[in-house]
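Subject: Handover of a structure and the findings from it

Dear colleague,

Please find the structure below, handed over to you for your further work. The findings follow it, grouped by topic.

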Amino acid sequence: MRNFRPLSALLCFLCLVLSACERSDPDAKPGKNKESKSHTRLISKPCWFETDDSWPFTQCFMMEVPEDYAHPTRRKIRFPVIRFRAKEPDASKPPLLHLGAGGPGASMGLEPENASDWLWLNYAAMTVEDGRDLIVIDPRGTGMARPRLTCSEFIDDAQTAFQRKLSPEEEARVFAFSMERCYSRLSKGADMAQYNSTVVARDVDELRKLLKLDELDLYGVSYSTRYALTYARDYPESVRALVLNSAVFPNIAYTQQLAQDSLAAYERGLKHCTEDKKCNSRYPDLRRRLENLVQTLDEEPRTIHIKHRYSKQTYPFVLNGQRLLRVLFQALYNENFYSELPKMIEGLESSGDEGLKPAQKAIGHFMEIVLDPYFGDAAGVSHFCYEEAPFVDFDQARASAENTGILGGAVRSDLSLLQLQCRIWAIPSAPLLESEAIETPAPVMVLHGGLDPVLAAEDVDAARKALPNHQWLLFPKLAHDIISASSCAEKAAGRFLDNPLKDQTQATMACREQELAEQEANKEEDQQAESSEAENQTSEPPVASPTQPPAASESGQLN
């Protein structure tokens with residue numbers, strides 16, 4: 001959630017084919033099963049990305065479905081389906097379906113130039129190494145789906161806009177014009193009202209039928225957890241268990257509390273240092289310094305030269321105070337940034353180029369999201385305007401944002417732009433059902449980070465209680481996407497899928513304590529190595545040496 005392009009919320013295949021990707025799926029023969037009458041097809045394809053012998057047996061497909069299920073003979077759309085086969089299959093374990101990267105609109109990275117072993121390796125312990133197949137998709141409108149609903153107009157305009165000194169009002173006009181042109185182009189070939197969680201859930205059930213599966217285990221991260229919950233509500237007989245990683249809950253109108261949640265995220269980032277005696281001594285009075293920095297940069301923006309993957313040349317990013325806030329919010333999705341935040345503030349306070357590396361890295365990451373050509377941000381706008389915006393009191397949200405001071409400035413601009421997007425899209429609103437808590441009886445594991453910038457742990461703690469059959473694992477010092485940050489979280493999810501009725505709290509706590517101890521030991525080793533290197537450099541003539549890896553930051557312990 002909120003991993004949109006900053007505008008949306010916070011703001012030729014070259015097939016590299018190996019023989020393993022060419023085999024047909026014995027469980028999916030769309031031409032021979034009666035589901036073909038439902039106007040859906042699962043089409044076997046040579047994998048368009050390169051694999052090697054270390055990969056599990058990999059099969060690639062495109063799923064073809066009606067864009068509008070009410071008119072199934074009209075326009076058809078497709079989305080990718082990748083199936084990683086278990087090394088030693090266990091017939092009692094249904095596949096785990098990964099519902100996408102979240103956003104909404106984020107790509108899973110299935111593109112030929114982006115696909116790598118992390119697509120399955122991050123989930124191997126709970127899937128292919130545990131007798132369970134892993135199925136990965138890009139939902140309709142995103143990534144490798146066709147059509148991919150990307151606002152190239154926004155990418156082009158952002159590429160130019162972020163090199164210029166624009167006021168918030170000027171920047172808002174630029175991006176409003178981007179969205180108008182984007183909608184005008186895309187709506188000629190797509191029905192923008194057909195891209196939302198309810199329709200994605202229907203796609204998933206059609207996929208289940210073509211795979212000839214009675215039930216599914218579902219995995220969601222960030223916004224794709226809403227797909228999992230929606231599916232469990234709409235197709236309760238087809239769900240065995242759900243793993244919700246950094247969950248999004250339909251009954252929470254995130255935009256309604258966007259200003260407070262954003263401010264709380266900045267405060268958590270600052271507390272990471274102020275509550276540490278050594279850090280607070282080294283970087284005192286951080287909140288005041290950050291507020292001063294935002295004001296200073298708004299009055300006199302600063303050009304920061306960065307590098308990012310979408311340009312071979314150095315990019316001159318003009319950093320004002322409001323852009324700094326957006327960059328920081330995006331950076332706070334990763335707990336490793338928290339130790340860098342004080343360094344970033346101090347580096348930007350200086351007029352020189354020394355100490356700018358933390359800022360350059362954070363801005364570079366921000367721009368990679370902004371310029372990502374595989375991000376289906378137009379599909380993300382459709383989701384927002386259908387299933388969240390109708391349940392937001394924008395006047396109240398703006399009034400609330402007025403009380404957030406200097407650090408709430410970016411949100412105050414974003415709220416008006418969010419409303420404007422929905423006026424441009426002009427799609428019907430969701431029924432009241434889409435704003436209500438989902439009380440699925442299916443077993444659910446909820447994993448959340450105490451540093452998550454999207455939703456505070458106390459809000460998740462309240463929302464999860466609507467789930468009558470769930471387990472709750474909170475990692476206080478992790479941020480967003482817990483399973484990618486902790487192998488203990490992945491192991492807990494795997495044990496849960498093996499036996500959804502067994503409580504995993506104690507086993508995960510023991511694992512997490514050991515994991516933290518190992519991280520601390522590695523951190524001390526890195527610091528000693530850096531210290532030794534510094535001593536050698538002062539006593540010996542300088543010689544070429546490889547750059548030392550950054551010290552691992554401390555991650556949270558499980559409550």
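In which loop is Pro147 found? Pro147 sits in the loop between E5 and H2. Please note before reading on that this is a predicted model.

Cis peptide bonds

The bond that leads from Arg146 to Pro147 is a cis peptide bond, and its omega is near 0 degrees. Gly103 and Pro104 are likewise joined by a cis peptide bond, with omega at about -5 degrees. Pro104 belongs to the loop between E4 and helix H1 (118-121).

Disulfides

The structure contains five disulfides. When the bonded cysteines are counted along the chain, the pattern is 1-2, 3-4, 5-6, 7-8, 9-10.

The sulfur atoms of Cys151 and Cys182 are 2.0 Å apart and form a disulfide. This pair connects distant parts of the chain, 31 residues apart: Cys151 is in the loop between strand E5 (134-137) and helix H2 (152-161), while Cys182 is in helix H3 (residues 168-186). The bond is left-handed because the torsion about the S-S bond of Cys151 and Cys182 is about -75 degrees. Are the two cysteines buried or exposed? Cys151 has a relative accessible area of 0% and is therefore buried. Cys182 also counts as buried, at 0% relative accessibility. The cut-off behind both assignments is a relative accessible area under 20%.

A disulfide is also formed by Cys385 and Cys422, whose sulfur atoms lie 2.2 Å apart. Cys385 is part of helix H12 (residues 377-387) and Cys422 is part of helix H14 (residues 409-425), so this bond ties together parts that are 37 residues apart in sequence. A torsion of about -90 degrees about the S-S bond of Cys385 and Cys422 makes the disulfide left-handed. Cys385 and Cys422 are both buried.

The disulfide between Cys273 and Cys279 has its sulfur atoms 2.0 Å apart. The torsion about the S-S bond of Cys273 and Cys279 is about -105 degrees, so this disulfide is left-handed. Both of its cysteines, Cys273 and Cys279, are buried.

Why can strand E6 be called largely enclosed by the rest of the structure? Six of the six residues of E6 (residues 216-221) are buried, and the strand is therefore largely enclosed. In a regular strand, side chains alternate between the two faces of the sheet. Both faces of E6 are covered, with Leu216, Leu218 and Gly220 buried on one side and Asp217, Tyr219 and Val221 buried on the other.

E6 runs parallel to strand E4 (residues 96-98), and three bridges join the two. Within this pairing, Leu96 has Asp217 of E6 as its bridge partner. E6 also runs parallel to strand E7 (residues 239-245), to which six bridges join it. Here, Val221 has Asn245 of E7 as its bridge partner. Together with helix H5 (residues 224-234), E6 and E7 make a right-handed β-α-β unit.

Backbone angles and a contact along the chain

With a relative accessible area of 21%, Asp481 is partly exposed.

Arg512 lies in helix H18 (residues 505-539) and counts as buried at 0% relative accessibility. The C-alpha atoms of Arg512 and Ala489 are 8.3 Å apart in space, and the two residues are 23 apart in sequence.

The second largest pocket

What lines the second largest pocket? Its lining consists of 13 residues, and Arg83, Asp90, Ala91, Lys93 and Pro95 lie nearest its centre. By class, the lining has four nonpolar, two polar and seven charged residues. The space in this pocket is about 190 Å³.

With kind regards

Key
Residues are numbered from 1 along each chain as its sequence is written. This is a predicted model: local features need pLDDT of at least 70, side-chain atom pairs count only at pLDDT 80 or more; totals for chains, interfaces and linings use all residues. Side-chain values use heavy atoms; hydrogens and water are left out. On a 1 Å grid over the protein atoms alone, a cavity is a set of points where a 1.4 Å probe fits but cannot get out, and a pocket is an open set with protein on both sides within 12 Å along at least five of seven lines; lining residues have an atom within 4 Å of a point. Grid points are joined across faces, edges and corners, and a volume is the space filled by probe spheres set on the points. Ala, Val, Leu, Ile, Met, Phe, Trp, Tyr, Cys and Pro count as nonpolar, Asp, Glu, Lys and Arg as charged, and the others, Gly among them, as polar. A disulfide is a pair of cysteine sulfur atoms within 2.5 Å. Helices (H or I, at least four residues) and strands (E, at least two) are DSSP runs, numbered from the N terminus. Buried means under 20% relative accessible area, exposed over 50%, partly exposed in between (1.4 Å probe, protein chains only). Two strands pair if DSSP finds at least two bridges between them. A crossover is right-handed if, with the strands pointing away from the viewer, the path from the first strand over the helix to the second runs clockwise.
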